[in-house]
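Subject: A structure for you to look at

Hi,

Here is the structure I promised to pass on. Please open it beside this email, and then read on for what turned up.

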Amino acid sequence: MDVLTALRRVLADTFRFYALAHISHWNVMGSDFPDKHRFLGELYADLHEMVDDVAEHIRAQGALAPGTLAELVRPATV
């Protein structure tokens, strides 16, 4: 696997994880709501930064980052 393919896969997997963390943050319930809500908020913020960093690495390889959601998640393995 070449570097660009690996970066696209990492981007796709990280973005999917980011989306799941963000959706979970919106929908958390229960007596431990404050702790879970805070944790998930921090998690999706960290993942958002990672997504941006990986996309920038793709650009540094001379390629464009995915331009559609379908292109973005297609290489996902998670």
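One definition to start with: a residue counts as buried when its relative accessible area is under 20%, as exposed when that area is over 50%, and as partly exposed in between. Please also keep in mind that this is a predicted model.

Let's begin with Thr14, which lies in helix H1, residues 3-27. Is Thr14 buried or exposed? Its relative accessibility is 13%, so Thr14 counts as buried. Its side chain has a polar atom 2.7 Å from the backbone oxygen of Val10. If you set aside the neighbours within four places in sequence, Thr14 is in contact with Leu47, Met50 and Val51.

Now move along to Ser24, which also lies in helix H1. Ser24 has a relative accessibility of 35%, so this residue counts as partly exposed.

Next, the helices themselves. Two packed helices are described by the angle between their axes and the distance between the axes. Here, the axes of H1 and helix H2 (residues 33-60) come within 8 Å and cross at roughly 160°. Because angles over 145 degrees count as roughly antiparallel, H1 is roughly antiparallel to H2. The crossing of H1 and H2 is left-handed. Sorted by class, the residues in the contact of H1 with H2 are 17 nonpolar, eight polar and one charged.

Happy exploring!

Best wishes

Technical notes:
Residues numbered from 1 in each chain as written. Predicted model: local features only at pLDDT ≥ 70, side-chain atom pairs only at ≥ 80, totals over all residues. Heavy atoms only, no water. Helix = DSSP H or I, 4+ residues; strand = E, 2+ residues; numbered from the N terminus. Buried < 20%, exposed > 50% of the residue type's maximum accessible area, 1.4 Å probe, protein only. Polar contact = N/O pair within 3.5 Å; in protein donor to acceptor, adjacent residues only side chain to side chain. Contact = heavy atoms within 4.5 Å. Axes fitted to C-alpha atoms, helices over the stretch in contact; angles between N-to-C directions. Parallel < 35°, antiparallel > 145°, perpendicular 65-115°, else oblique. Left-handed = near helix turned anticlockwise from the far one by under 90°. Nonpolar A, V, L, I, M, F, W, Y, C, P; charged D, E, K, R; others polar.
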